[in-house]
Amino acid sequence: MAEVVIVGSVDAAGEVAADAIEQLVLRKPRAVLGLATGSTPLTTWRALAARNLDLSEVRGFALDEYVGLPAGHPESYRSVITREVVEPLGLTPSLVRVPADDGPIETAGVDYEAAIEEAGGIDLQILGIGRTGHIGFNEPGSSFASLTRMKTLTEQTRRDNARFFDSPEQVPLHCITQGLGTIMRARHLVLLAFGEAKASALAGAVEGPLTASLPGSVIQLHPQVTVIVDEAAASELVYADYYRYAWKNRLAWEQI
Ligand code: PGA
């Protein structure tokens with residue numbers, strides 16, 4: 001079962017996620033991180049940046065990228081990852097990959113999988129969850145075995161992401177995303193969710209039936225998952241009291 005950590009604020013969640021990354025990097029300076037974009041991981045990056053760790057040897061793989069934006073568009077995930085992760089954390093730009101950033105789109109999925117494998121696999125994957133239950137851009141119906149490939153974004157996701165663009169029509173229709181199978185190969189999943197709008201998807205992912213209709217539910221099959229949520233996102237969890245009790249009584253040697 002996932003370790004579910006219910007915290008009092010989005011900032012506190014960022015500190016817990018940063019603890020997990022810090023513990024990893026201290027024991028493995030060349031760690032491989034799976035990097036998420038969107039609003040959710042921002043406090044994690046901020047908390048990590050404040051710790052002034054040497055992350056210059058860390059390798060990174062973004063979860064996903066829009067397809068169809070002009071190169072250098074400020075909302076392309078390449079630009080977002082550079083601005084919000086690489087620069088503030090002091091990562092080495094050449095060690096950070098984004099799907100389809102190198103070579104033709106037709107073979108980008110296969111190329112990305114090969115690059116992840118060559119790096120030794122992802123040690124820790126940061127994840128958000130969409131209101132559709134997507135992780136990465138794996139929208140409902142995505143196979144639990146899927147690998148990096150192109151997908152069509154749902155209307156809901158395009159509406160949710162319209163806030164980053166001048167108008168909703170500018171949100172691309174297509175994306176390339178690590179698959180659920182790719183995400184499942186990461187050694188540790190850290191999923192963050194905040195706010196009431198995420199409560200239903202989060203409860204479905206953590207406690208609901210396993211179903212491709214709620215792609216995040218695949219995390220129930222993973223042996224090491226940490227779910228970090230605020231009270232609002234936790235509001236539909238049936239076993240919230242147990243998660244609080246387990247976290248409060250965790251043993252000193254237990255790593256996040
Ligand atoms: P958000 O998106 O962090 O911007 O809420 C999460 C997601 O859609 O996966």
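Let me begin with Phe137, which at 3% relative accessibility counts as buried, a word that here stands for under 20% relative accessible area, with exposed being over 50% and partly exposed in between, using a 1.4 Å probe and protein chains only. Please keep in mind that this is a predicted model, in which local features need pLDDT of at least 70 and side-chain atom pairs count only at pLDDT 80 or more, while totals for chains, interfaces and linings use all residues. Residues are numbered from 1 along each chain as its sequence is written, and side-chain values use heavy atoms, with hydrogens and water left out.

What does Phe137 pair with? The structure holds seven aromatic pairs, where rings of Phe, Tyr and Trp (its six-membered ring) pair if their centres lie within 6.5 Å, and planes under 30 degrees apart count as stacked, over 60 as edge-to-face and the rest as tilted. One of these is the tilted pair of Tyr66 and Phe137, with 5.7 Å centre to centre and 40 degrees between the planes. Because Tyr66 lies in strand E4 (residues 64-67) and Phe137 in the loop between strand E6 (124-127) and strand E7 (149-152), the pair ties together parts that are 71 residues apart in sequence. Helices (H or I, at least four residues) and strands (E, at least two) are DSSP runs, numbered from the N terminus.

Tyr66, at 6% relative accessibility, also counts as buried. With Phe165, Tyr66 forms an edge-to-face pair, 5.7 Å centre to centre and 80 degrees between the planes. Here Phe165 sits in the loop between helix H5 (155-161) and strand E8 (174-177), 99 residues apart from Tyr66, and Phe165 is buried as well. Tyr66, Tyr77, Phe137 and Phe165 form one aromatic cluster.

Turning now to the sheet, seven strands form an open sheet with parallel pairing, in the order E1-E10-E9-E6-E2-E3-E5, where two strands pair if DSSP finds at least two bridges between them. Strand E1 (3-7) and strand E5 (96-97) are the edge strands, each pairing on one side only. E6 pairs with strand E9 (residues 188-193) in the parallel sense over four bridges, and Gln125 stands opposite Leu189 in E9.
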